[in-house]
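The sequence and structure come first.

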Amino acid sequence: QAIWLKGKLRVGPPCIDFCVPHGSLQSYLLLAMVGTLVAVGGEVVDKVQVKTALVSVYDKTGLKELGEFLAAQKVHVLSTGGTAAKLREYGCTVQDVADYTGSPEILDGRVKTLHPKVHGGLLAARGVEKHEKEMAEHGIMPIDLVIVNLYPFREAVAKGGDFAHCIENIDIGGPCMIRASAKNNASVTICSSPSQYGKMMEQVRENGGSTTWAFRKNMAAAAYALTAAYDSSVSQWMATQVTEPPSTKTVAFEVERPLKYGCNPHQLPAGLCAVNGGRLPFEVLAGVPGYINLLDAVNAWQLVYELAKGTGKPAAASFKHVSPAGAAISVPLSETEIEVYEVKGKPLSEVATAYVRARNADPMCSFGDFV
């Protein structure tokens, strides 16, 4: 709470007086701080041993190797449904979440893990006496590792599912567990994709059964990026299903591959991104292009496409810094041009002829070009 008292801004409890002018920038900043949550505190231990894991995955890719790893590490596993059954096959000691919480899965599986004994184990601040006391009172087990992936919402939309089908593929419990685990990265490791299993297993092996805080923070950042992109997909789809779309628009970019650099070498990191899981219109076969290379590629393709369509002949273009240094169609070379272009005695296809002409329109400008 915050009040003005005798010319001072009093914030509490505990009560602290700040001597700042009423209506000043400093007073507004202090009031803004009062309006946010104070850190709970607790211990931040670099290495946290993985004793208990919560595993609930829709995509079972890599589950056999993961299960065998958890069994070898003697990790106690909490799990649900088909995931629990598979993990038992792979030698894990598995406790069903329903047995742990005392609450069965209900509503056709819509409610499985949304329970205080699950989220308490994910969110409890270790080393905080009040939290540890409440965990003991309510029989809450601390959870060190969470392995979750989400319902395939994008795939349901892409396959043309009706409204009810797409709605059913919106994951609720998964994002809740991912966000809770990522928030409590001081103690909890979150794996939100099968592509992370190898990295996680290597981390645990290298650290004697533990994970480091740096690793947990990296995984938390990836987890929040995943849930943000997931929610963005749901939001965009829902906006197409209503008569009054929301004014807020979200777009998620996924890095498909790193770029050499941005416009200039000092602009790093840079990446080539797809929007909301969309496919890129081309494939990089070799090398690491920069941002300008990509612009040259897109613009050169448009010019070549128009030339070829308009003339009916193979065409080529040489681009440098988003400007054409040369463009040509396939017209046979004269003897003089063969000499000047230094291709005497070399067999040239129609495409090669167009290339030679385009590249030699201005060979100085074409140096280091995109063709």
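## Overall content

The protein chain holds 14 helices and 14 strands. The coordinates are those of a predicted model. Of the 371 residues in the protein chain, 37% are buried.

## Helices H2 and H10

Helix H2 spans residues 63-72 and helix H10 spans residues 197-206. The axes of H2 and H10 come within 11 Å and cross at roughly 15°. Angles under 35 degrees count as roughly parallel, and H2 and H10 are therefore roughly parallel to each other. H2 passes H10 in a left-handed crossing.

On the H2 side, the contact is made by Glu65, Leu66 and Phe69. On the H10 side, Tyr197, Met200, Met201, Val204 and Arg205 take part. By class, the residues of this contact of H2 with H10 are 6 nonpolar and 2 charged, with no polar residue.

## Helices H9 and H11

A second pair consists of helix H9, residues 173-183, and helix H11, residues 213-239. H9 and H11 pack at an angle of about 150°, and their axes are 9 Å apart. Angles over 145 degrees count as roughly antiparallel, and H9 and H11 are therefore roughly antiparallel to each other. The crossing of H9 and H11 is left-handed.

H9 contributes Pro175, Ile178, Arg179, Ala182 and Lys183 to the contact. These residues meet Ala220, Ala223, Tyr224, Leu226 and Thr227 in H11. The residues of the contact of H9 with H11 divide into 7 nonpolar, 1 polar and 2 charged.

## Cysteines

How many disulfides does a search of the whole structure find? The search returns 0 disulfides; a pair of cysteine sulfur atoms would have to lie within 2.5 Å to count as one.

Cys166 has 0% relative accessibility and counts as buried, because buried means under 20%.

## Summary of the helix pairs

The two pairs can be set side by side.

| Pair | Axis angle | Orientation | Crossing |
|---|---|---|---|
| H2 and H10 | roughly 15° | roughly parallel | left-handed |
| H9 and H11 | about 150° | roughly antiparallel | left-handed |

Methods: Residues numbered from 1 in each chain as written. Predicted model: local features only at pLDDT ≥ 70, side-chain atom pairs only at ≥ 80, totals over all residues. Heavy atoms only, no water. Axes fitted to C-alpha atoms, helices over the stretch in contact; angles between N-to-C directions. Helix = DSSP H or I, 4+ residues; strand = E, 2+ residues; numbered from the N terminus. Parallel < 35°, antiparallel > 145°, perpendicular 65-115°, else oblique. Left-handed = near helix turned anticlockwise from the far one by under 90°. Contact = heavy atoms within 4.5 Å. Nonpolar A, V, L, I, M, F, W, Y, C, P; charged D, E, K, R; others polar. Buried < 20%, exposed > 50% of the residue type's maximum accessible area, 1.4 Å probe, protein only.
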